[in-house]
Amino acid sequence: LEKKYDEICEFCKKHKAKIHYVIYGILITAYLAVVIVACSLNFQRALPLFAVTVIAIFFICWDFLIAKHEDRIAAFFFHGDRYLKKQWFWLKWVLCAALTIMIICWLIFDTTKQGSRQLISFGGLVMYVLLMLIFSKYPTRVAWRPVFSGIGMQFILGILILRTKVGFDVFNWLGIQIQTFLEYSDTGAKFVFGDKYTNHFFAFKVLPIVVFFSTVMSMLYHVGFMQWLIGKVGWIMHVFMGTTPVESLVAAGNIFVGQTESPLLVRPYLPHITKSELHAVMTAGFSTIAGSVLGAYISFGVSSSHLLTASVMSAPASLAASKLFWPETEKPLVTLRSGIQMAKRESKNLLEAASQGASASIGLVANIAVNVISFLALLSFLDSALSWVGNLFDYPQLTFENICAYVFMPFSFMMGVDWEDSFIVGGLLGYKTFFNEFLAYERLSKLIQNREKGGSMYINGVKQYMTVRSEVIATYALCGFANFGSLGLVIGGLTSIAPSKKKEIANGAFRAMIAGTAACFMTACVAGMLTVPSLEVPCHILLGNASNFTDFPANSTKLHKCCQHLFTSANHSEEIFPGGNYSLNSWKVCCQILGQPTFHCT
């Protein structure tokens, strides 16, 4: 028996690769059979599974072709690449002229259809780019390809997600799925803290989500999925924007992980990167949020689809802002030819990876909890002190939020926020910058809940909620770690990873925080240009808010359609004012817009 056992072991070792192929083939065949059966039974129900399968097959084939025939593919495109380089001098001017004409035409048509609101957001985007250029480290050395291509990637992503029904529905579906997935953390929270765990919402409902998400991310890292996904996103940004591999990988990693975790992906290369690359690494961390806290913000009631969109759009924005604020003046040493490899996790199996992920979240959860406690206490003390000072001058309403609101009000208005809401958004930006985005999103969630409940918009002269458009823009503007608390975290974290770069990290961290803030503001401007409230606001709410045209301009096609629908429904009804959600104010607005001389208006 021992002899036979040794022979079998020897056979398995000799044909190990073939056996693996056979096992993989059986598993893949079984999986495809399951997909085919599921699609044949109910294709609509199996559509997500079918879409994931098609995408997976495409990328597997792509990786196989690149691995086997990379040289042939490079040789095939070699002559075209050489021709483009020869003709690039005049081609770039043709492309710039075509791009300018396209932007002007798009602005004209979009303004005609959606109103002039989008022009303010466009002006804000131009303003932030100019400010970054004026205060750039080397204004005359700016390479404009990363800047314009980064903003272009934002627009492409924004148009696909915010303007097309398919893109909006896909991200909305993804947001719902993530929300559902994160709710599974309630099972563990309920077991540990009891049935009434929701009575302590933040401690026992929000923080367990961070633990659960950290565990899942650690498992995805162990199986190699996150490295593969980050590599693909980073490669796209590297090719499209012309940024270096290190910058691109870290920016892509920041979509999914935190500002101290993503540099670990390229840890061996950090001692060899340039000052501009180091600045880009820090800026990418400041302009995005980690996936673990993304779940916490979703639990607050902030739109999951917009948070997902903001996370994706801020990655190219961070590189654009970084290369504008600190242009490259040195020759990068780390390139694709040097064979860049991402660092791997040390876990030996999936269970160990899950355990490590859960354990790693302890520090993050504790950090979030103590920061929220200390910052809220400090904020309460500041408000009390400022109110006392203001009372000396007969202005007891003076608070930290009011001061921040006045400071950031112009910036929020230039993003496209309604003027009457810019004061509130300015206060949120102050919370985010001087404390952290947790407090800002918690305050934003209360404003969203107030709007959903309805009621009076003003109480004692204080606005209780904002328009949907302002909420959306605020969601994008707040989606980043750019605050003074994170400044120390980044300096400490990067210094421990690359001690030789300690001086450069300390010198560039504050500039990186400003660049990260500007990147978030640029993302908010793009969202302000592309956001269409009609995708999420029903007609009765739209007409209810249209008396002062805060959500839509008077010439909006959506308002016209809603009013025509209202009059059409009334023509088929015996009542002059049909019941339901429509108010008398809605009729007045429609009469004013359409100028209907019908019995409804008289």
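In this briefing, a residue is called buried when its relative accessible area is under 20%, exposed when the value is over 50%, and partly exposed in between, with a 1.4 Å probe and protein chains only. By that scale aspartate 6 is partly exposed, because its relative accessible area is 43%. The model is predicted, so local features need pLDDT of at least 70 and side-chain atom pairs count only at pLDDT 80 or more, whereas totals for chains, interfaces and linings use all residues. Residues are numbered from 1 along each chain as its sequence is written, and side-chain values use heavy atoms, with hydrogens and water left out.

**Surface patches**

- A patch is built from residues that have over 30% relative accessible area and no salt bridge; like charges are joined within 9 Å, and nonpolar side chains (Val, Leu, Ile, Met, Phe, Trp, Tyr) within 5 Å.
- Accessible areas come from the Shrake-Rupley method with a 1.4 Å probe, and for residues only the protein chains shown count as cover.
- A nonpolar patch on the surface consists of Tyr21, Ile23, Tyr24, Leu27, Ile28, Tyr31, Leu32, Ile36, Leu49 and Ile57, which together have about 1,000 Å² of accessible area.
- Two elements, α2 (16-41) and α3 (43-86), each give two or more residues to this nonpolar patch; helices (H or I, at least four residues) and strands (E, at least two) are DSSP runs numbered from the N terminus.
- Helix α2 supplies the largest share of the nonpolar patch, with eight residues.
- Isoleucine 36 belongs to helix α2 and counts as exposed because its relative accessibility is 58%.
- A patch of negative charge on the surface gathers Glu2, Asp6, Glu7 and Glu10.
- For charge, Lys and Arg count as positive and Asp and Glu as negative, while His and the chain ends are not counted; the place of a charge is NZ of Lys, CZ of Arg, CG of Asp or CD of Glu.
- Aspartate 6, a member of the negative patch, is found in helix α1 (residues 2-14).

**Salt bridges**

- Side chains of opposite charge can pair when their charged atoms come close.
- The structure holds nine salt bridges, each defined as a side-chain nitrogen of Lys or Arg within 4 Å of a carboxyl oxygen of Asp or Glu.
- Aspartate 186 and lysine 205 form one of these, with an N to O distance of 2.8 Å.
- Because aspartate 186 lies in helix α8 (residues 185-193) and lysine 205 in helix α9 (residues 201-223), the pair ties together parts that are 19 residues apart in sequence.
- Aspartate 186 is buried at 15% relative accessibility, and lysine 205 is buried with a relative accessible area of 15%.
- Glutamate 401 is bridged to arginine 443, with 3.8 Å between the closest N and O atoms.
- Glutamate 401 is in helix α16 (residues 400-414) and arginine 443 in helix α18 (residues 437-453), so this pair ties together parts that are 42 residues apart in sequence.
- Arginine 443 counts as partly exposed, at 25% relative accessibility.
- Glutamate 328 and lysine 323 meet in a salt bridge with an N to O distance of 3.9 Å.
- Lysine 323 counts as buried at 8% relative accessibility, whereas glutamate 328 is partly exposed with a relative accessible area of 23%.
- Glu247, Lys323 and Glu328 are linked in a network of salt bridges.

**Cysteines**

- The count of disulfides is zero, a disulfide being a pair of cysteine sulfur atoms within 2.5 Å.
- Cysteine 9 is in no disulfide, and the nearest cysteine sulfur, that of cysteine 12, is 6.5 Å away.
- Cysteine 9 is partly exposed, with a relative accessible area of 26%.
- The sulfur of cysteine 520 lies 6.8 Å from the closest cysteine sulfur, in cysteine 479, and is therefore too far for a bond.
- Cysteine 520 is buried, with a relative accessible area of 0%.

**Individual positions**

- Threonine 283 lies in helix α12 (residues 275-286) and counts as buried at 0% relative accessibility.
- The C-alpha atoms of threonine 283 and phenylalanine 481 are separated by 9.6 Å, although the two residues are 198 residues apart along the chain.
- Most residues other than glycine have a negative phi.
- Aspartate 394 has a positive phi, near 60 degrees, and is a residue other than glycine.
- Aspartate 394 sits in the loop between α15 (350-392) and α16, where it is exposed with a relative accessible area of 71%.
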